[in-house]
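Me: I am new to this structure. Please take a close look at one part, the pocket, and then follow the contacts that lead on from there.

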Amino acid sequence: MAKISSLNNDVLLEIFEATIKASVPFLERADDKAPLNLSRTCHRWRRLLLSNQRFWTRVESGNHGELKLVPLWLQRSRNALIRVDIENRTDQEYITNEARLRLHAVVRLVLKNASRLREARLEGILVCDCRS
């Protein structure tokens with residue numbers, strides 16, 4: 001049996017793509033951190049993943065802790081078209097001001113990248129003036 005380290009980059013990229021596609025279909029519960037997890041495996045995998053923007057085009061966040069990853073995905077996707085799926089699962093009545101500000105900052109960042117949007121879903125986000 002061949003070691004994974006003996007695979008050429010093109011084969012590894014195909015494996016990465018299959019892994020990421022199999023993680024979570026877009027517009028279902030968004031908890032897909034596969035590119036990030038794969039990029040932490042070794043230097044070679046990190047270099048391959050960071051050099052290919054297509055692995056960072058699904059911008060997903062299902063809770064406030066994941067919001068901090070949205071800017072990272074937007075940066076790593078460079079100028080590629082993106083799919084954004086952000087779901088606020090905290091009842092508006094119980095959301096903290098800090099969490100609300102973080103959520104609004106992410107919405108502003110997504111709006112700045114509106115020309116790159118292929119698909120977008122923002123669920124459970126209170127309509128607000130996101131310019132402030």
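**The largest pocket and its surroundings**

Reply: The largest pocket holds about 270 Å³ of space. The model is predicted. Of the 13 residues lining this pocket, Lys21, Arg54, Thr57, Arg58 and Arg83 are the closest to its centre. Two elements, helix H1 (9-23) and strand E2, each supply at least two residues of the lining. H1 gives the most, with three residues. By type, the lining divides into six nonpolar residues, one polar and six charged.

Start with a residue named above, Arg58. Which side chain does Arg58 meet in a salt bridge? The partner is Glu60, at 3.3 Å from N to O. In general, side chains of opposite charge can pair when their charged atoms come close. Are Arg58 and Glu60 buried or exposed? Buried means under 20% relative accessible area. Arg58 has 16%, so Arg58 is buried. Glu60 has 11%, so Glu60 counts as buried too.

This is one part of a wider set. The whole structure has seven salt bridges. Now turn to strand E2, which supplies at least two residues of the pocket lining. Asp85 meets Arg121 in a salt bridge, 2.8 Å from N to O. Asp85 lies in strand E2 (residues 82-87), while Arg121 lies in strand E3 (residues 117-123). The two are 36 residues apart, and the pair links distant parts of the chain. Both Asp85 and Arg121 are buried.

Arg121 has another partner. The side chains of Glu87 and Arg121 also meet in a salt bridge, here at 3.7 Å from N to O. Glu87 sits in E2 and Arg121 in E3, so this pair ties together parts that are 34 residues apart in sequence. Glu87 has a relative accessible area of 17%, so Glu87 is buried. Arg121 counts as buried because its relative accessibility is 18%. Which residues do the shared partners join into one network? They are Asp85, Glu87, Arg121 and Glu123.

Next, return to H1, the element that gives the most to the pocket lining. The structure holds three aromatic pairs. In one of them, Phe16 and Phe55 are edge-to-face. Their centres are 6.4 Å apart, with 80° between the planes. Phe16 is in helix H1. Phe55 is in the loop between helix H3 (43-50) and strand E1 (58-61). Phe16 has a relative accessible area of 1% and is buried. Phe55 is buried as well, at 4%.

Another pair is formed by Trp56 and Trp73, again edge-to-face. Here the figures are 5.0 Å centre to centre and 75° between the planes. Trp56 is in the loop between H3 and E1, and Trp73 is in helix H4 (residues 70-76). This pair links distant parts of the chain, 17 residues apart. Trp56 and Trp73 are both buried.

Two last contacts complete the view. Phe16 and Phe55 form one aromatic cluster with Trp45. Trp56 has a charge over its ring: the charged end of Arg76 sits there, 4.7 Å from the ring centre.

Conventions: Residues numbered from 1 in each chain as written. Predicted model: local features only at pLDDT ≥ 70, side-chain atom pairs only at ≥ 80, totals over all residues. Heavy atoms only, no water. Salt bridge = Lys/Arg side-chain N within 4 Å of Asp/Glu carboxyl O. Buried < 20%, exposed > 50% of the residue type's maximum accessible area, 1.4 Å probe, protein only. Helix = DSSP H or I, 4+ residues; strand = E, 2+ residues; numbered from the N terminus. 1 Å grid on protein atoms, 1.4 Å probe; cavity = no way out; pocket = protein on both sides within 12 Å on 5 of 7 lines; lining within 4 Å. Points joined across faces, edges and corners; volume = space filled by probe spheres on them. Nonpolar A, V, L, I, M, F, W, Y, C, P; charged D, E, K, R; others polar. Phe/Tyr/Trp six-rings, centres within 6.5 Å; stacked < 30°, edge-to-face > 60°. Lys NZ or Arg CZ within 6 Å of the ring centre and 35° of its normal.
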